[in-house]
Amino acid sequence: MAEGKLKALVVDDDPLVLELVERSISRYGFDVVTTRAALGVANLLRTEQPDIVLLDVNIPALSGDRILGVVRQFAGPDTLFILYSSMDESRLRELVRASGADGYIPKGVTGPELALKLSGMHHKRMANRPTPAARVDPLLQRDVSAPQSQSTTAQVSLASR
């Protein structure tokens, strides 16, 4: 991810939708990678390492919910998979549950609303992420998983001379 920017991979077979989404969310600080090909998504996940994958549900070759089942293993643990479709929202909710997607957004949502929803979903994921367990050094009796400040390191160095 670029400094302070979220990276989104948008998968849709419609070039006009790809262009609209790319223009819409890049204006609001997203780095955007797009593809019309369902079969190259695994490679893009590995090379681009997006924070969010926005998947069209109605791709003829391989629908977004099925793509997700195949490619999730190639994504980072914090990557969000969002289904994006104009189908009925109750059906979208069912697809989210069945596919293991992290959520859905109707295709009528564009521009600042789309950017806001995507960044909100990402921030919620990051806020709910489990924190790593502290590692306590038995000799020092303190947490060694957190980085030491330079002043503490300097004091330790001086004390050992």
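Analyst: Read along the sequence, the pattern is β-α-β-α-β-α-β-α-β-α-β-β-α. The model is predicted, so local features need pLDDT of at least 70 and side-chain atom pairs pLDDT 80 or more, while totals for chains, interfaces and linings use all residues. Residues are numbered from 1 along each chain as its sequence is written, and side-chain values use heavy atoms, with hydrogens and water left out.

User: What makes a stretch a helix or a strand, and how many of each does the protein have?

Analyst: Both are DSSP runs, numbered from the N terminus: helices are H or I with at least four residues, strands are E with at least two. The protein has six helices and seven strands.

User: How do you know which strands pair in the sheet, and in what order?

Analyst: Two strands pair if DSSP finds at least two bridges between them. Take β3 (residues 52–56) and β4 (residues 80–85): five bridges join them in the parallel sense. That meets the cut-off of at least two, so they count as paired. Within this pair, Ile52 stands opposite Leu80 in β4. The open sheet has five strands in the order β2-β1-β3-β4-β5, with parallel pairing.

User: Why are β2 and β5 said to stand at the edges?

Analyst: β2 (31–35) and β5 (103–106) each have a single partner strand, so one side of each is left without a neighbour in the sheet.

User: Why is Phe81 called buried?

Analyst: Buried means under 20% relative accessible area; exposed means over 50%, and partly exposed is in between (1.4 Å probe, protein chains only). Phe81 has 0%, so it is buried. Phe81 lies in strand β4. Of the 161 residues of the protein, 36% count as buried.

User: What is Phe81 in contact with, beyond its neighbours within four places in sequence?

Analyst: Contact means heavy atoms within 4.5 Å. With those neighbours left aside, the partners of Phe81 include Leu45, Val53, Leu55 and Gly103.

User: What makes a space a pocket and not a cavity?

Analyst: On a 1 Å grid over the protein atoms alone, a cavity is a set of points where a 1.4 Å probe fits but cannot get out. A pocket is an open set with protein on both sides within 12 Å along at least five of seven lines. Lining residues have an atom within 4 Å of a point.

User: Which residues lie nearest the centre of the largest pocket?

Analyst: Gln49, Pro50, Asp51, Gly76 and Thr79, among 14 lining residues. α2 (41–48) and α5 (111–127) each supply at least two residues of that lining.
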